[in-house]
Amino acid sequence: MKHIVIIGGGIAGIETACALTDAGHWVTVIEKDSQLGGKLNNWSYLFPDFTPTEKITVELQAKCRDKDFSILTSTEISTILRKDGKFNIETSSDQKLEADAVVVATGYELFDAHRKEEYGYKIYDHVITSADLEELLKPGGDLTVAAGKYPKRIAFVHCVGSRDEKSGNHYCSKVCCITGVKQAIELKMRLPDAEIFCFYMDLRMYGKHFEELYREAQEKYDIQFIRGRLSEASEKIDKSLLIKSEDTLSGRPLKMNVDLMVLLVGMEAGKGTANAAKACGIGCEESGFLKTTDTFLKSNFSEQEGIFLAGSCTAPMSVNDTILHARSAAMEVKHWLSKR
Amino acid sequence: METTPFILPFTIGLLFISCFLVIIIGIWISSLSRIDKSRIIHSILTKKSWFAIREIVMESLLHRKIFRKNPVLGYMHMSLAFGWFLLIVVGHIEACNHYQTFSVPAYMAIFMRYFVTEPSTTLSGKILSASMDLLLLFVLSGVVLAYYKRANSRLFGMKKTTQLKLGDRIALISLWLIFPLRFLAESVSAGIHHNGSIISHPTGELLASIFPVHSFEMPLWWAYSGALGLFFFALPVSRYMHIPVEVVLIFLRNYGIKVQKRIGGYSRIQVYSCSRCGICLDSCQMSHAAIKDTQSVYILKHIRNKNLTDEKLFNCLLCGRCQPDCPVGLELNNLRITQRIESTKEYNSSYEYLKNGKIAVSPQTEVIYFAGCMTHLTPAIIKSVKEIFAVAGVKYWFMDEEKTACCGRPLMQVGQYEAAKKLIEHNRMQILSSGVKKIVVSCPICYKVFNEDYALPGIRVMHHSEYLLELMADKRLPINKLPLRVVYHDPCELGRGSSIYHQPRLLLDEYVELIPIKNEKKTALCCGGSLANIKIQMNERNQIRDTALDEYLAYQPDLLATACPLCKKTFTKSNKLPIHDIAEIVYMAILNKMDIEINISTQIEKANADKNLRF
């Protein structure tokens, strides 16, 4: 029986583990957190159809229970050494594992909004990130702002830490546009009296039903989209925010007072992926995401034979894309092992 | 007096260079502004001229600044400059002494050993000719070092040396030949006539015993005179123009003349005073990003050669790191800005939409607070300043809280001087009409322009680090030392740009543990984020920033402190080290102390309450 070690217990890791267990392999998943699920645990509803995240996590948990694979939580890998065609892995809790193949599924981290100081995250009271808002959108979440009132005017800022040379990230994080549309609609449903403005550069509605949702946001929910990047924000004495931007379609500078500002933070490869790359001796792209050997036909192959890649450690991905990428990783591993 | 045809190359060359210098320096001085001319007239008979002469001796002859940079390099320059100067002076005295007259033509002194065939008999003559031999030896030692430096510049503490063009090459080669040829010619003549002094005599005798020196004598003297003549003719098109022009520069500088915001006689004098020593290359951080052709020495060279491109002119951070190192003391930043003004003359915006108006503020207002555009991008600094003002009870007017014009400095840095003047006038009117006598700014870029280009009589401009220090000294701020090891990064515009080095350090000393570092104050590094460079690529900026950060990280600080929002923004991007403005650190310390005090007071209250219960 072949043994496969999967680094990362998010959706990519679990999905790969399930598919490889089904194929008759022995799989161990190493997860640094105390529970499986990764970043999905922080999300409430998923675009484009507002599926409750629980629905996905419950199914994944059920799979984990049903399938027979080992899980090491609160564990990180320290070293990986290749020896006689096998991988000798040592973990932070001094366990020693021997694997025939390794799958890196370390995922992403959210852009730290502190680094875009001009937007005042954690400096002004009512500037939050999309991840913070997701928490607030859970049933019972408190959406009030200053003096216990509900926000009357809300601004969403797109591309925070994505497509931004100044924050060092040139790439598009792909999912934030539609996340913004989804969250704007959710807020509008919760707060029908609020005016909502989205400040964007481009809106990239690439997926199935995305464009339709964007149209619905404008037509049905009266959400306004302004093409222009925010230059700065300042806090007024009543804790509302004065934001400055330019409406590039009308070619005019613009100032607006809002009660709440939501920063649609992008994805970064993060420390987990960087550490895994170092331990495995595999390369990163300039963006920090892991290099694949071929864009089209080998998107699960790393530079090292026997080390495979799954999910958003290779590029920003939606939940849907991640699941598909993980399944294809499992197929590649299975095929590779059968040839040996 | 005797004469001979070989004096012609030298004499013609000397005549040419004298006329050329008189004409060109005359043109430059006549094109100075009226005020500058009156500065000269009013200073020429004062002690300023004496200071200038002293500076010429110390710098142009003895090269004290280069000595400080590297003793071998200093010795090389001193032996060539001071040695040659003494050769001329002592040689002339020797000739005067020999012919017993004061009207000795220059060639008689220079070629004296050819004309005088008898050994000197008087004591004074013997002493003078011995010292001439020693002086020539002194100069030759410098020439040998110069040969060696061309081959190996590292010995002289310089990593890089400048590239030469044709005029420089000719001048350099003739300069290298002058002294060896003189030595050989004098020795050969001494060998023929059996005269000479302590060095030329034995060398001459030795040469005479080996070679048929009679046939060498004339060619050597011709070659010596030719080398001198060639040097004089190549001088105007070579970097050695700095030798005569620097003397003029030192006088004018001592008379208080500065580079204006236009190209003029004085800026030309500065350009021609550059010796292209290349010392500025080593301090330039652009080389950390592999940019190696935009440094000050090259810009001045291109200005002289009239082939300066905007690509090079604007590819500079204007950090000013090259300036303290310049042995000639050139105003390198201002020269570049002057050139930028010339290059962007056509693009100046009118800013007609600015509405000038007067401002009425409360008469109790102590200070105007001007955060600046960059500080609006780092709101944590504004928040800290506001909170500190609240703690100290400062009554202030936040001038640019919602909207105001830019301070004008970024425009000035890129040469948009006329446009900047309109913004300056707009802000100036507001400041003056408020009637407040103190303005506190958070951004060193604004600070510099408020200080230098805003005419604000009776109004004190302060950077917040100065003002917070004053508040602390007035006991309006609580003191609390945090157990943090901090490296302070001098912002270019505040440090080298405005000479504010001590106030931020005094302030930090009270609130954290400050670590002294190698490159600080005048030699402080630039963060790489400067607005003055509009050509540099982001990845190049990042390289400059990371090289600076790596140096700071070696001291293992808990955090990096600065006093500039732009430095903060630039460093924050790298994510390697926490970085805070000085105001944030002070606020952190105060907040920490107040928390403790609140805790103590609640404990005391609690204790009292307990007592009350007990009794």
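Biologist: How many salt bridges are counted between domain 1 of chain A and domain 2 of chain A?

Modeller: One. This is a predicted model, where local features need pLDDT of at least 70 and side-chain atom pairs count only at pLDDT 80 or more, while totals for chains, interfaces and linings use all residues. Residues are numbered from 1 along each chain as its sequence is written, chains are lettered from A and ligands numbered from 1 in the order written, and side-chain values use heavy atoms, without hydrogens and water.

Biologist: Why is the pair Asp321(A) and Lys174(A) called a salt bridge?

Modeller: A salt bridge needs a side-chain nitrogen of Lys or Arg within 4 Å of a carboxyl oxygen of Asp or Glu. The closest N and O atoms of Asp321(A) and Lys174(A) are 3.4 Å apart, so the pair qualifies.

Biologist: Which residues make up the two domains?

Modeller: Domain 1 of chain A is 3-108 + 269-339, and domain 2 is 113-267. The bounds come from an automatic or database domain assignment. Their centres, taken over C-alpha atoms, are 32 Å apart.

Biologist: How many residues of each domain are in contact?

Modeller: 16 residues of domain 1 of chain A and 23 of domain 2 of chain A. Contact means heavy atoms within 4.5 Å.

Biologist: What area do the two domains bury between them?

Modeller: About 1700 Å², 69% of it on carbon and sulfur atoms. That is accessible area (1.4 Å probe) lost on putting the two parts together, summed over both.

Biologist: What is the mean pLDDT of chain A?

Modeller: 94, with 100% of residues reaching 70 or more. pLDDT is the predictor's confidence in each residue, from 0 to 100.
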